[in-house]
Amino acid sequence: MASKRANEELPVIARFEVRRRNCLAPDGSAVRPLPAFAADAKLLVELYRSMVLLRLFDRKAVALQRTGRLGTYAVSLGQEAVSVGVASAMREEDVLLPSYRDNGALLWRGVRLEEILLFWGGDERGNQFSGPVHDFPFCVPVGSQAPHAAGVAYALKLRKEPRVAVCLFGDGATSKGDVYEAMNFAGAHKLPVVFVATNNQWAISVPLRLQTGSETLAQKAIAAGFSGEQVDGNDVVAMRAAAEEAIAAARNGTGPRFIEAVTYRLGDHTTSDDALRYRSPEEVQAHWKEEPLARFRSYLVGQKMWTKADEERLAAECHERIEAAVECYLSTPPRRPETMFDNLYADLPETYVAQRHELAGEDDA
Amino acid sequence: MPEVTLVEAINLALGRAMEDDPDVVVLGEDVGLNGGVFRATVGLQERFGSERVLDTPLAELLISGLCVGMAAQGLKPVGEIQFMGFLYPCLDQLVNHASRMRNRTQGRLTCPMVLRTPHGAGIRAPEHHSESTEAMLAHIPGLRVVMPSSPDRAYGLLLAAIRDPDPVVFLEPTRLYRAAKGEVEDNGEALPLDLAFVLREGRDVTLISWGAMVKETMAAAEALSAERIAAEVIDLATLKPYDENTVLGSVAKTGRCVIVHEAAHTGGFGAEIAALVAERGLSSLLAPVIRVTGYDTIVPMARLEQHYMPSVERIVTAARKACQYN
């Protein structure tokens with residue numbers, strides 16, 4: 001008892017807090033005054049349209065995979081608001097470093113549907129995409145893009161360019177040293193980088209409670225010396241608002257920010273996964289009540305920004321775009337085999353020229 | 001021309017590269033004020049500032065990952081890993097990102113980075129400071145692996161590595177950092193990558209080595225000459241991609257091939273060269289290829305390390321055996 005009393009007399013030298021941001025309730029009603037951009041009906045409609053396109057595109061991609069016309073594919077079902085909301089707050093010149101499930105961000109940044117299909121269809125040309133030339137491609141090794149984001153941000157700061165690196169990864173990635181190391185460095189150098197953890201509750205079959213003992217993922221930023229915020233990741237208005245603030249702060253030189261987007265993966269991890277092996281349909285069903293599209297549609301309809309007719313038009317338009325993209329993807333022939341040598345080095349070393357010839361079926365020159 | 005040590009030549013090349021190109025940045029643990037644990041970066045922070053010569057946190061994975069991010073943004077980062085024993089957290093970044101960024105984006109993003117690290121035994125260092133695992137790195141497509149063995153080649157090859165548009169792992173022989181001295185003109189002239197150096201010409205036997213073992217290999221050649229055996233010595237210098245033509249040309253001339261490396265025997269880079277000679281130089285061989293290497297053991301700590309590393313005597317014996325074969 002004596003020692004307990006003595007401990008209470010020790011001074012507290014640091015206190016931290018983590019806040020949670022939301023704007024729209026699951027029924028689509030505003031829970032607080034909305035950020036300024038919410039007055040821009042055109043922007044809100046664009047956010048909605050992008051999420052719908054992503055969901056319909058995912059559905060088509062899975063159908064292609066199931067019929068042997070696409071490789072393994074990761075759907076964004078249930079978490080569309082995260083990648084779309086974050087990307088919408090970026091400028092063209094900012095640098096996106098996505099994980100493999102951030103199609104929404106790539107699409108917003110100008111990557112074409114057929115390019116995404118090409119990548120998941122097993123063609124490197126999908127990464128030679130129409131989005132900003134400096135954006136990174138999908139990152140498959142979990143969390144390994146976080147140090148790149150810190151490196152990019154260091155380069156931007158060194159050159160005094162008012163640009164920001166935006167790095168997306170999942171809840172599983174926050175368990176990796178890569179992410180800690182990157183955040184720690186970014187904090188030490190006050191780098192212009194925003195880290196976004198899409199907390200969809202499941203890293204394939206491992207639930208968050210086995211991933212970490214931490215109460216929030218957002219608080220992981222605190223140890224790195226900057227603030228973290230938890231955001232309702234099913235609320236695209238809140239996501240956009242949080243990203244806008246974080247990106248602006250990073251751009252203004254106040255250092256990195258961390259956003260934990262709390263959402264739920266309504267689909268399987270990928271087309272190679274069967275989530276019924278590790279979680280109940282009841283659990284998934286319960287989360288459907290909070291999904292981002294219905295919520296935002298309710299808000300838009302309530303605000304007279306969106307109608308049933310708009311919805312029908314959008315569905316038809318998405319269908320048309322997606323079919324055109326699929327057509328384009330399926331009619332793109334594979335590269336000639338020997339081109340696998342063409343981007344190995346800037347100039348193919350002499351030593352490998354014979355191998356290239358062999359693959360091309362040419363005589364050794 | 002001034003005579004400098006190998007580590008001083010590294011320092012000269014780094015300074016020259018930074019002077020010539022504002023995109024070159026140097027990063028690593030203790031590389032700033034302290035000038036690196038081997039003093040390879042000494043004085044650079046004073047000259048170029050702490051933004052371009054930065055002390056990173058103690059995190060090797062981070063150093064290699066930062067290099068990838070910086071390089072993709074157009075900088076030319078030169079990362080330092082204090083010892084090769086601490087390089088392994090970087091393998092994920094080297095295999096999954098640095099080596100394939102150009103390919104996976106079909107040239108949209110590239111990775112002109114250099115990762116430098118001292119390697120090899122013989123300096124009575126603590127555990128984990130003595131390995132030579134270059135073969136592991138030389139197996140990675142898309143990388144370049146360079147191992148200089150003298151001050152002038154260290155200078156010229158490091159400049160070439162920094163200017164190269166692709167990722168390079170640059171392995172510096174710890175044992176020669178101060179032991180190797182030679183004239184180096186700080187003229188900014190790079191040496192070609194992917195080319196081997198013929199350090200001594202001879203008609204009887206080809207001795208192929210790289211890194212610190214070049215020293216013993218040259219000494220062996222000298223000893224052999226007293227026995228009227230004229231050994232040709234090749235410093236391979238770049239292991240990935242390596243200069244097959246110089247190897248094959250020399251073996252065609254001598255008919256005998258002895259490969260010397262400090263790394264463990266099985267799966268060492270000597271096996272690759274032996275396979276090349278078997279595939280494309282068999283008809284010129286007058287004797288079996290012989291490898292003189294470290295043993296297939298963990299590199300022993302200081303008390304036994306001299307017994308692990310190939311000695312001049314072992315090299316001489318192997319060369320003699322090759323010459324006596326009929």
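Tutor: Let us begin with a definition. A polar contact is a pair of N or O atoms within 3.5 Å; within protein, one of the two must be able to donate a hydrogen and the other to accept it, and residues adjacent in sequence count only if both atoms are side-chain atoms. Please keep in mind that this is a predicted model.

Student: How many residue pairs are in polar contact across the interface of chain B and chain A?

Tutor: The rule finds 21 such residue pairs across that interface, with both residues at pLDDT 80 or more.

Student: What is the count of salt bridges between chain B and chain A?

Tutor: A salt bridge requires a side-chain nitrogen of Lys or Arg within 4 Å of a carboxyl oxygen of Asp or Glu. Between chain B and chain A the count is one. A:Arg159 forms a salt bridge with B:Asp23, and their closest N and O atoms are 3.0 Å apart. Over all chains, the structure holds 39 salt bridges.

Student: Which parts of the chain does the salt bridge between A:Arg251 and A:Asp94 link?

Tutor: The side chains of these two residues meet with an N to O distance of 2.8 Å. The pair links distant parts of the chain: A:Arg251 is in helix α10 (residues 236-251) of chain A, whereas A:Asp94 is in the loop between α3 (80-88) and β2 (95-97), and the two are 157 residues apart.

Student: Where do the domains of each chain lie?

Tutor: Domain bounds come from an assignment, and a domain may be made of several segments of the chain, as in domain 1 of chain A (16-27 + 37-272 + 279-334). Domain 2 of chain A covers 336-365. The centres of these two domains, taken over C-alpha atoms, are separated by 38 Å. Chain B is divided into domain 1 (3-183) and domain 2 (197-324), with 26 Å between their centres.

Student: How many residues of each domain of chain B are in contact with the other domain?

Tutor: In chain B, 28 residues of domain 1 are in contact with 27 residues of domain 2. Together the two domains bury about 2200 Å² between them, 58% of it on carbon and sulfur atoms. B:Met147, B:Arg153 and B:Arg175 supply 24% of the area that domain 1 buries against domain 2, more than any other three residues.

Student: Which polar features are found across this interface within chain B?

Tutor: The rule finds three salt bridges between domain 1 and domain 2 of chain B. B:Arg175 forms a salt bridge with B:Glu262, the closest N and O atoms being 3.5 Å apart. On the domain 1 side, the elements that give two or more residues are α6 (134-138), β6 (144-146) and α7 (151-163) of chain B.

Student: What does UniProt list for the two chains?

Tutor: For chain A, an unreviewed UniProt entry annotates residues 48-329 as "domain: Dehydrogenase E1 component". In the model, this span is 47% helix and 11% strand. For chain B, UniProt lists residues 4-179 as "domain: Transketolase-like pyrimidine-binding", also from an unreviewed entry. Residues 4-179 of chain B are 36% helix and 17% strand, and the end C-alpha atoms are 10 Å apart.

Student: Is the peptide bond from B:Lys240 to B:Pro241 cis or trans?

Tutor: The bond is cis, with omega near -15 degrees. B:Pro241 lies in the loop between β12 (238-240) and α9 (244-254) of chain B.

Key
Residues are numbered from 1 along each chain as its sequence is written. Chains are lettered from A and ligands numbered from 1 in the order in which they are written. This is a predicted model: local features need pLDDT of at least 70, side-chain atom pairs count only at pLDDT 80 or more; totals for chains, interfaces and linings use all residues. Side-chain values use heavy atoms; hydrogens and water are left out. UniProt positions are given in the numbering used here, feature names are shortened, and annotations may be inferred rather than shown by experiment. Helices (H or I, at least four residues) and strands (E, at least two) are DSSP runs, numbered from the N terminus. Domain bounds come from an automatic or database domain assignment. Contact means heavy atoms within 4.5 Å. Buried area is the accessible area (1.4 Å probe) that two parts lose on being put together, summed over both.
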